[in-house]
Amino acid sequence: MRYLKLGLVAGMALAGGVALPATGFTQSAAAEECAEIAGAPDAGAPVSREALNAYFSTLGTARPHCEAAVIGAEPDPGAMFHLAVIMQREGVHERALEVFGMAGEKGVAAAHTKLGDYYNFGIGPVREDHRRAVAEYQKAVDGGDVPAMSTLAIMYQLGRGVPQDFDRMIELLTASADAGYHFSQFRLAELYMKPQSIPGSLARELDLPDPIKAAELYEKAAAQGSAEAQKALKAFYEGDGVFDDPEVRLKWVQSAAENGDAQAMNELGFMYEQGDGVPYDPVRAAELYIAALETGNLRVDELRGTVNGYTPRWDRETALNFQTILQERGLYTGALDAMVGRGTLGAAARLAQQ
């Protein structure tokens, strides 16, 4: 076994033009240096092209130490993984497969993820074998590899190598996202916003779409540097086509209103006044207008909204309720006539200034 490793490493060094450390190194010291530079084995997708380039640059620096760490009776498993990644990058796939296999046998879960990718996508000389891919991904998941959870989730979504199972897909994707994997966070956010890819019954059971959870996940992925998430988050907050779905819009507005956002309270009030996406409720509409003004963050001239670019006349019942609340607060002394004019708006302005 020791000579197999020596031959393997020597071939790699010659192919890459990299010299081993000078005589006198210790295998354990080399393993520590390899781990210090290259980090823990990671089969996840880099968050950006810059991160990808930095990753391979780091591996290049770590390479001679990792090579030294596999020479001996007990080759370091983490070093084997890093060297296999380099082999894969350089197109030496037969050796990469062999060394990923060795690392996997030594307990490196990420190595099983890499092997799963070979059989999933038919990389190099390997023919696609989706069942074998699933088996490798499952070994990786059992070993705690977070990126494998994400890929296996997709396999269950597509029914690729396994029976289609959307519950299992969401379970795995959620676990991976909760563990901090940016790719899963983005995919789960997309699912929360657009659940058309799963059965309607499951979407209803999960109360999807859910723009609140989606925004949280976009933010987490964006904070890690995901350009996709940053773009989606920008469109989300600018409302660029995101809220064309009335259900999504309503859930977002309701959540913001519950959290005390004056603009959201006002918008929700206007929806109740118009019966737009919610049942017509003049009492609730008036209460929301009052609550929005009470925050001190909404001017009277910002009350209500527009329909087809125009501000409609006040609904009579909403106006009466609005005047009644202002009267009960001792701010409005005029007639309860549903005519929201100077007197009513002056009382509303005093409320906003309190």
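A residue is called buried when its relative accessible area is under 20%, exposed when over 50%, and partly exposed in between (1.4 Å probe, protein chains only). By that definition Leu-152 is buried, because its relative accessible area is 0%. The model is predicted, so that local features need pLDDT of at least 70 and side-chain atom pairs count only at pLDDT 80 or more, while totals for chains, interfaces and linings use all residues. Residues are numbered from 1 along each chain as its sequence is written, and side-chain values use heavy atoms, with hydrogens and water left out.

**Leu-152**
- Leu-152 lies in helix α8, residues 146-158; helices are DSSP runs (H or I, at least four residues) numbered from the N terminus.
- Beyond residues up to four places away in sequence, Leu-152 is in contact (heavy atoms within 4.5 Å) with Val-134, Tyr-137, Gln-138, Val-141 and Leu-172.

**Helix α17**
- The buried residues of α17 (residues 316-328) are Thr-318, Ala-319, Leu-320, Phe-322, Gln-323, Ile-325 and Leu-326, and their cover includes α15 (262-274), α16 (282-294) and α18 (342-353).
- After α17 comes Gly-330, which has a positive phi near 75 degrees.

**Thr-344**
- Thr-344, which lies in helix α18, is buried because its relative accessible area is 1%.
- The side chains of Thr-344 and Gln-323 are joined by a polar contact of 3.1 Å, a term for a pair of N or O atoms within 3.5 Å in which, within protein, one must be able to donate a hydrogen and the other to accept it, residues adjacent in sequence counting only if both atoms are side-chain atoms.
- Neighbours within four places in sequence aside, Thr-344 also touches residues including Phe-322, Leu-326, Tyr-332 and Met-339.

Terms used
Helices (H or I, at least four residues) and strands (E, at least two) are DSSP runs, numbered from the N terminus. The expected span of a helix is 1.5 Å times one less than its number of residues.
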